Amino acid sequence: MSVPVIARLRSWSGRERYQPLIAAFLVYLAAATLGRITLMVINGGDILPDLAHWPLALGAGLLVDTVVGLYACLPLALFLSILPARWLDSRASRVLVSVITCLFLFGLLYLLVAEVVFFHEFNSRFNNVAVDYLIHPKEVFVNIRDTYPVKTVLTLTVFTAAALFALWRRYFLRGLSAPLTWRPRAQLALFYLVPLLTGAAALNINSTHISDNRILNEIAGNGVYSFFHALINNESDYDTQYARIPEAEALQRLRRQVAGADDRFTHPADPYDIAHAVQTGRPLRPMNVVIVLEESLGSLSVGSLHPQGASMTPEFDRLSNDGLYFTRIYSTGNRTVRGIEATLTGLPPMPARSVVKRKSGVNLFSLPSVLQRKGYETVFIYGGRSYFDNIRAFSLNNGFNRVIDQDDFKHISFTTIWGVCDEDIFQNSIGEFNRMHAAGKPFFATVLTVSNHTPYTYPAGRIAEDPAAQRREHAIKYADYSIGKFMREARRQPFFRDTLFVFLGDHGARVHGSQEIPIRSYEIPVLFYAPGLIAQGRRVDQLGSQMDVAPTILGLLGIDHESRFVGRDLLRTKPSEARALFSHNRDVGLLRGNRLAVLGVRQSIEVYEGDPRRAEFRRLPPGADPELVADAIAYFQGTNRLYQKQRLQPLAQRPIDTTHAGVATPGHP
């Protein structure tokens, strides 16, 4: 820094009145830069191919840090500018500044640790996941306490912050008694406000998108900025942030993509109504249906999909040999609510918040609403407490007769902060299935498990691995053990021979990878299991997503129905029409064939080409594949518009006439 600039800063400092402000600002920049360098070192293997962009990432990150630092230090700037010298020079003021400074240093250090931990789990700066977690602080904080050495980190952070304050105390307290005229105050205000307001106007969430490497872009970002961006935009809809096409075109394209060749629209002249009559073309088999949403069961964890080394899922692998197994399905997001949303309502992942958590997410067309109107008893069974993520309210307002959660279970042997272990969930579910079966009505149940989640603890003695190790791989093995035990017990029950079981992951284990949407992290297994009722040992390599599970279930049951699903029956979809939709942080995307269209905030559009299974994509030039982009926009813009106009409501259904039910044959799909 040149001598004239230093002299000007000293003149603005009013005989060092603003020395604490300058010190705090520089400390924040140092901490943010240290955190960025730490993330670069930890994730070096993922960002090494993009080494040429590292300096740009550091430079772009420093610019964002500067704006965020100015905002973070604004209260201190006002404090030093407004209060007279005699008040600042008082003992009370010095004590207050000392306390605030210690808290500031502690907060910076703890934030640095928290960001590194969060990045390890999600390969991202603080985002909408962090915002969602803060809505349920009890579960999140206890989970963090049980997973990480929180006491040790807190102790070290407190002592480090105290040591730094003792070392830098004179910089934070010196000059508090210096007089200050209005001229240097006005000069500093200009010096402060111009970059603050200019930066705020120019800065956006894509400002640090400096390469095709998603992880490097995230490292270049700022966690504080991304957190508040997610918080502010948590309820924003598609129209305000993402690329659009004319509404009529969006709705026309959407209608073209939701209906099969043999389906007919109920109101063809109404562009806002996607209701269509579905004739499955299969014999009617009104079986019970049990969907098991397995926490964090990604395909990368399943031996029958990725057979390298010893399988962590031998029980699931055995079941897959006797079921209808879809091997190329993707979750629509990386949160449980996205899995619930897509699996039950067949909706794409509309930005920014899942309909499960929206107050307006009620009275939607859904699988339970169809089956309820067809004469089924419907129940949602959750191993935790159903206030979490709004599960109870969403379920009871969207076709479920009842919600059963941890507080209703009669047999509990082991719990974590997230709920009871998977064995207990399945044991209590079997009792509930027997009661519904005895009542003489077909039933539909969704069972949501919790064991494969941090802190990765489970009852001892079930598998060889020690639960005290708290390893993700061990939790997967325990979850698989519980599935095997559940199915062995279910086979002995009277409801089993009339029940279709559907096993799928709510999302993958963890998000990782340098792609804009790291597709391999979203791969999940989907297994339909009903020996003697549907085809056994059949593997289907059809591209699809969780959105397609509900229509496929109705197709397998041979239940003709009126539909508003955006998802499609996987067994009635042509390979040329197959697609998968995703949401990842702020972005949404459409995968079709070997191309991926990604829609981001501020109307950004990017198209990639490559092999999804090898996670190798290259970005195409702007304007590439306009049809794919238009279809992607249609899915999200069109669905968002129908949601806004409340045109995704349940439809009247004709009750099942069991006198025309077909006879099941093992070879039928």
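**A colleague's note on the predicted model**

1. Ser320 belongs to helix H15, which covers residues 314–320. What does Ser320 touch, once its neighbours within four places in sequence are left aside? The answer is Ser304, Tyr325, Leu527 and Gly537.

2. The mean pLDDT of the protein chain is 87, and 90% of the residues reach 70 or more.

3. Now for the overall picture. The protein chain contains 22 helices and 19 strands. Its C-alpha trace spans about 95 × 60 × 45 Å along the principal axes. Of the 669 residues, 58% count as buried. Sequence separation is also worth a look: among contacts between residues at least 6 apart, 75% join residues at least 24 apart.

4. In total, 6 of the 6 residues of E9 are buried.

5. Which strands pair with E9? One of them is E3, residues 288–294, which pairs with E9 in the parallel sense over 5 bridges. Within E9, Phe444 has Val289 standing opposite. Another is E5, residues 377–382, which runs parallel to E9 and is joined to it by 6 bridges. Here Glu377 stands opposite Phe443 of E9.

6. Next comes Thr449, in the loop between strand E9 (443–448) and helix H20 (472–490). The cut-off for buried is under 20% relative accessible area. Thr449 has 1% relative accessibility and therefore counts as buried. Not counting residues up to four places away in sequence, Thr449 touches Val292, Leu293, Glu294, Glu295, Asp422, Ile425 and Phe426. A polar atom of the Thr449 side chain lies 3.1 Å from the backbone nitrogen of Glu295.

7. Let us turn to charged side chains. Side chains of opposite charge can pair when their charged atoms come close. How many salt bridges does a search of the whole structure find? It finds 35. One of them joins the side chains of Glu247 and Arg641, with N to O at 3.1 Å. This pair links distant parts of the chain, with Glu247 in helix H14 (residues 247–258) and Arg641 in helix H22 (residues 626–644), 394 residues apart. Glu247 has a relative accessible area of 22%, so Glu247 is partly exposed. Arg641 is at 25% relative accessibility and also counts as partly exposed.

8. A salt bridge also forms between Asp273 and Arg564, whose closest N and O atoms are 3.2 Å apart. Why does this pair tie together parts that are 291 residues apart in sequence? It does so because Asp273 lies in the loop between strand E1 (264–265) and strand E2 (276–278), while Arg564 lies in the loop between strand E14 (561–563) and strand E15 (580–584). Both Asp273 and Arg564 are buried.

9. Glu577 is partly exposed at 34% relative accessibility, whereas Arg568 is buried with a relative accessible area of 8%.

10. Finally, look for a network of salt bridges. Which residues does it link? They are Glu249, Arg253, Arg592, Glu627 and Asp631.

How values were computed: Residues numbered from 1 in each chain as written. Predicted model: local features only at pLDDT ≥ 70, side-chain atom pairs only at ≥ 80, totals over all residues. Heavy atoms only, no water. pLDDT = per-residue confidence, 0-100. Helix = DSSP H or I, 4+ residues; strand = E, 2+ residues; numbered from the N terminus. Buried < 20%, exposed > 50% of the residue type's maximum accessible area, 1.4 Å probe, protein only. Polar contact = N/O pair within 3.5 Å; in protein donor to acceptor, adjacent residues only side chain to side chain. Contact = heavy atoms within 4.5 Å. Pairing = 2+ DSSP bridges. Salt bridge = Lys/Arg side-chain N within 4 Å of Asp/Glu carboxyl O.
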